[in-house]
Amino acid sequence: MAERLSPRSSEVNALEQRGYLIGKKIGQGSYATVHLAEYCDASSPKRMHLACKIFDKEKAPRDFLEKFFPRELDILTKIENPHIIQVHSILQRGPRVFIFMRYADNGDLLDFIKRNGVVPENQAKLWFRQMASGLQYLHSKNIAHRDLKCENILLSRRFNVKLADFGFARFCTDGDNRRVLSQTYCGSAAYAAPEVVSGTPYNPKLADVWSLGIILFIMLNASMPFDDSNLRKLLKDQMSRNWVFRSRIRDSVSAAAKSIVRHILEPDITLRLTLDRVLSHEWTRPRKDKSASLMGRLVQSAPSAPHPGKHEEAGTSAGLRVSGDHRDTERERHDDINSRTHA
C-alpha cells in the first residue's frame, strides 16, 4: 500500500512542471500519505517549504468520499487566518488529490510537551489565545473543527500556533442558515466533550470549546485530565467533574487559569463558557504590555532538542496520542504525558 500511495513518476513530472517537488514521506494512513515538498516559482529563486497530503480516492471508503472529503476541500478553500495552517494549493490528477500546505517547522504541541514538559503559564496563555483566535475565526464562518487536540496544534518557525487537520470539520448551518446539530462521533475520546461521548446530538461549537479546555489543561499539567481507556468511565468522570490539577504545579498556577479551565470543562452546556466568554475571561484578556501581542515567541529560550517538523495530516497520522490517569497523589506518576501512548 505504501508503494501505491506514493506519487507515481508521471505525477511527479506533472507536479514539477507546476513548480512542486515532492520529497520523502513523513506520514501515512490507509488512504493518504504526507510528504515533504517544495515550491519554486519561476519568477523567484526562493523555495517555499511545504507539506503535501496525497489522497487516493480509490482507497477511500464511500462515506469519506461522499461526506467528509468534499467538506474538507470546501472548507480549506474558504479559510485564511494567521492561526490556521495555510493551504498553498489543491491539485487533482486522476483519482489522486494533492493538498499542498505550509510546513510547520517546530512540530506539533504534543511533541513539544513531550520534549519540554509543562508549558509555562504565560506561554500557555499566549498559545491558548492564538488557538481561541483561530477558532473564533472558524466559528464566525459557521465552521466547527470537531477534532481539536494537541497533535492538530502546529507550531510555526517563530512558534506561532496554527490549527490544522480539517478532516472532521463541518458547517454548523444548513442552506437556509439554520443551526444544525452534529450527530457524528468525531475526534479523539480524550478531547471529546461529554455530549459527544454520550452519542447525543450536540452543538459542535460548544464541543470545540471543551476540546480547547482539554488542550489548556494538558499545557499546564503535561498530563491528561481524564483516562479515556474506558468510555463509560470517561463519561462518568466528565459528568462528575472528576479531574484535578497535578499537585506539583497546583500552587504555581494562577487562580484565574484554574478558573477558566473549570468553566470550560463544564459538562452542562448551558453553563459552559462560550468562545466569546473564553476570550473575554480575565485570564485570557491581553494585558496592556508586551505579552498582549499574539506573536508566538517563547517566553523562555527555545528548546534545544531537534524539532521533527509537522504538517496538517487529516487521516494520515500513525495514531499516536497520550492518555494518563487523572487521579492525583499516589497514582500521579501515571499522569505524565510521556507515560502511555496508544497506537
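Before we point at anything, one term: helices and strands here are DSSP runs, numbered from the N terminus. And keep in mind that what you see is a predicted model.

Okay, the overview. The protein chain has 11 helices and 11 strands. It runs to 343 residues, and 52% of them count as buried. If you take the contacts with a separation of 6 or more, 69% of them are between residues 24 or more positions apart.

How far does the predictor trust itself? The mean pLDDT of the protein chain is 84, with 81% of residues at 70 or more. There are stretches to treat with care, though. Over residues 299-308 the pLDDT stays under 50, and the model has 17 contacts beyond four places in sequence for them. Residues 312-335 also stay under 50, and there the model has 95 such contacts.

Now let's go to a residue with a record attached. Lys 53 sits in strand β3, which covers residues 47-56. The UniProt entry, an unreviewed one, carries the annotation "binding site" at Lys 53. Is Lys 53 buried or exposed? Its relative accessibility is 0%, and the cut-off for buried is under 20%, so Lys 53 counts as buried. And what does its side chain touch? There's a polar contact with the side chain of Glu 72, at 3.0 Å.

While we're on strands, look at Leu 21 in strand β1, residues 20-28. This one is partly exposed, because its relative accessible area is 30%. Leu 21 and Leu 50 are 29 residues apart in sequence, and C-alpha to C-alpha they are 9.5 Å apart in space. Leave out the neighbours within four places, and Leu 21 is in contact with Glu 16, Leu 36, Ala 37, Glu 38 and Arg 47.

Next stop, helix α4, residues 109-116. Why do I call it largely enclosed by the rest of the structure? Because six of its eight residues are buried. They are Leu 109, Leu 110, Asp 111, Phe 112, Ile 113 and Lys 114. Just past α4, Gly 117 has a positive phi of about 80 degrees.

A pair of aromatic rings is described by the distance of the centres and the angle of the planes. This structure has 13 aromatic pairs. In one of them, Phe 112 and Phe 159 have ring centres 6.4 Å apart and planes at 70 degrees, so we call the pair edge-to-face. Phe 112 is in α4, while Phe 159 is in the loop between β7 (153-155) and β8 (161-163), so to speak 47 residues away: the pair links distant parts of the chain. Phe 112 and Phe 159 are both buried.

Compare that with Phe 128 and Trp 283, a tilted pair: the centres are 5.9 Å apart and the planes are at 55 degrees. Phe 128 is in helix α5 (residues 121-140) and Trp 283 is in the loop between α11 (275-280) and β10 (321-322), so this pair ties together parts 155 residues apart in sequence. Again, Phe 128 and Trp 283 are buried.

Tyr 20, Tyr 39 and Phe 100 make up one aromatic cluster. And Arg 71 lies over the face of Phe 68, 5.9 Å from the ring centre.

Asn 142 has a positive phi, near 60 degrees, and it is not a glycine. You'll find Asn 142 in the loop between α5 and β6 (143-144). With a relative accessible area of 23%, Asn 142 is partly exposed. Arg 146 also has a positive phi, near 70 degrees. Arg 146 is in the loop between β6 and β7, and at 8% relative accessibility Arg 146 counts as buried.

Ser 259 is buried, with a relative accessible area of 11%. Which side chain does Ser 259 meet in a polar contact? That would be His 281, at 3.3 Å.

That's my tour. Over to you for questions!

Technical notes: Residues are numbered from 1 along each chain as its sequence is written. Side-chain values use heavy atoms; hydrogens and water are left out. Buried means under 20% relative accessible area, exposed over 50%, partly exposed in between (1.4 Å probe, protein chains only). Helices (H or I, at least four residues) and strands (E, at least two) are DSSP runs, numbered from the N terminus. pLDDT is the predictor's confidence in each residue, from 0 to 100. Contact means heavy atoms within 4.5 Å. Rings of Phe, Tyr and Trp (its six-membered ring) pair if their centres lie within 6.5 Å; planes under 30 degrees apart count as stacked, over 60 as edge-to-face and the rest as tilted. A charge sits over a ring if NZ of Lys or CZ of Arg is within 6 Å of the ring centre and within 35 degrees of the ring normal. UniProt positions are given in the numbering used here, feature names are shortened, and annotations may be inferred rather than shown by experiment. A polar contact is a pair of N or O atoms within 3.5 Å; within protein, one must be able to donate a hydrogen and the other to accept it, and residues adjacent in sequence count only if both atoms are side-chain atoms.
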